[in-house]
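Here is a short briefing on one structure. Please keep the sequence and the 3D view open while you read.

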Amino acid sequence: MENNILKCPIFYNSTTGDLSGEEIVQSKRTLGEIKSIFKDSDKVTENDENKVAYKVLAHFPVEENTSGGLFFGTSILSPGKVGDEYIMTKGHFHSKKDTGEYYWCISGEGMLILMDEDNKCWAIEMKKGAIHYIPGKVAHRLANTGNEEFVVGACWPSDAGHDYDTIVKTGFSKRLIDVNGTPTLV
Ligand code: S6P
Ligand code: ZN
């Protein structure tokens, strides 16, 4: 540090959603890892197993579960379908139930699929520039309905945590499928 002026440690490309810098953590989920979330999981061929369904780039400035902090990330979903169901994220509730989250669409097109604790499920179209506030106690999942990568930014509390188990047990009560070329929640 010189004269108390620091260099910027992380960079965000608002066109591509790319995050770079020493503290950026990258994770990915292959179709093989998440195939059980799809209705027609048997349609994931051996060839498709290693295909990346989505990647997440994230900045975690504090330890997970620290109260008062924020996490920031970019999710990049590949285009494609398993059977007639669009490639989607696993989806989760937050473990700390009353924590919300912001999602915004950076590029591509898709849907934000939401489900409350009474299993009421709905979806919101996401296009470049759209910002969505997800309230606490609402499970959230992204689905790519376009032909390109679907890139979504997110910011969430560092003590939110991820409850994937409830979704593994009950699933979302609706699925987003392609009906004659139209994304339809059934
Ligand atoms: C975290 C936030 C996103 C998701 C990402 C992957 O609270 O909602 O960063 O983690 O979109 O989805 P999932 O359901 O596999 O965590
Ligand atoms: Zn979340």
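Asn65 sits in the loop that links strand 4 (52-59) and strand 5 (70-77). Its phi is near 80 degrees, a positive value in a residue other than glycine. Bear in mind that this is a predicted model. The points below cover backbone, ligand, salt bridges, a strand and the surface.

**Backbone: positive phi**

- Asn65 is exposed, because its relative accessible area is 56% and exposed means over 50%.
- Asn4 also has a positive phi, about 60 degrees, although Asn4 is not a glycine.
- Asn4 belongs to the segment before strand 1 (11-12).
- Asn4 counts as exposed, at 67% relative accessibility.

**Ligand 1**

- How many residues surround ligand 1? There are 14, and the closest are Tyr54, Ser75, Glu101, Tyr103 and Tyr164.
- The side chain of Ser75 places an N or O atom 2.7 Å from an oxygen atom of ligand 1.
- Glu101 brings a polar side-chain atom to 2.8 Å from an oxygen atom of ligand 1.
- Gly91 uses its backbone: a polar atom there is 2.8 Å from an oxygen atom of ligand 1.
- Ligand 1 taken alone exposes 400 Å², and the protein buries 96% of that.

**Salt bridges**

- Side chains of opposite charge can pair when their charged atoms come close.
- The whole structure holds nine salt bridges.
- One of them joins the side chains of Glu85 and Arg175, at 2.6 Å from N to O.
- Glu85 is in strand 7 and Arg175 is in the loop between helix 2 and strand 14 (176-179), so the pair ties together parts 90 residues apart in sequence.
- Is Glu85 buried or exposed? Glu85 is buried, because its relative accessible area is 1% and the limit for buried is under 20%.
- Arg175, at 28% relative accessibility, counts as partly exposed.
- The Glu85 and Arg175 side chains also make a polar contact, at 2.6 Å.
- Asp40 and Lys39 form another salt bridge, with their closest N and O atoms 3.3 Å apart.
- Asp40 is buried, with a relative accessible area of 17%.
- Lys39 is partly exposed, with a relative accessible area of 40%.
- A network of salt bridges links Lys39, Asp40, Lys43 and Asp84.
- Lys127 pairs with Glu125 in a salt bridge, and the closest N and O atoms there are 4.0 Å apart.
- Glu125 counts as exposed, at 52% relative accessibility.

- Why is strand 12 (residues 138-144) largely enclosed by the rest of the structure? Seven of its seven residues are buried, so the strand is largely enclosed.
- Both faces of strand 12 are covered.
- On one side, Val138, His140, Leu142 and Asn144 are all buried.
- Strand 9 (residues 110-116) runs antiparallel to strand 12, and seven bridges join the two.
- Which residue stands opposite Arg141 of strand 12? Ile113 does.

**Helix 2**

- Ile167 lies in helix 2, which covers residues 165-170.
- Ile167 is buried, with a relative accessible area of 6%.
- Ile167 and Lys90 are 77 residues apart in sequence. In space, their C-alpha atoms are 8.0 Å apart.

**Nonpolar surface patch**

- Tyr102, Ile131 and Tyr133 make up a nonpolar patch on the surface.
- Together these residues have about 360 Å² of accessible area.
- Tyr102 has its place in strand 8 (residues 101-107).
- Tyr102 counts as partly exposed, at 43% relative accessibility.

Technical notes
Residues are numbered from 1 along each chain as its sequence is written. Chains are lettered from A and ligands numbered from 1 in the order in which they are written. This is a predicted model: local features need pLDDT of at least 70, side-chain atom pairs count only at pLDDT 80 or more; totals for chains, interfaces and linings use all residues. Side-chain values use heavy atoms; hydrogens and water are left out. Buried means under 20% relative accessible area, exposed over 50%, partly exposed in between (1.4 Å probe, protein chains only). Helices (H or I, at least four residues) and strands (E, at least two) are DSSP runs, numbered from the N terminus. Two strands pair if DSSP finds at least two bridges between them. Patches are made of residues with over 30% relative accessible area and no salt bridge: like charges are joined within 9 Å, nonpolar side chains (Val, Leu, Ile, Met, Phe, Trp, Tyr) within 5 Å. Accessible areas come from the Shrake-Rupley method with a 1.4 Å probe; for residues, only the protein chains shown count as cover. A residue is near a molecule or strand if one of its heavy atoms lies within 4 Å of it. A polar contact is a pair of N or O atoms within 3.5 Å; within protein, one must be able to donate a hydrogen and the other to accept it, and residues adjacent in sequence count only if both atoms are side-chain atoms.
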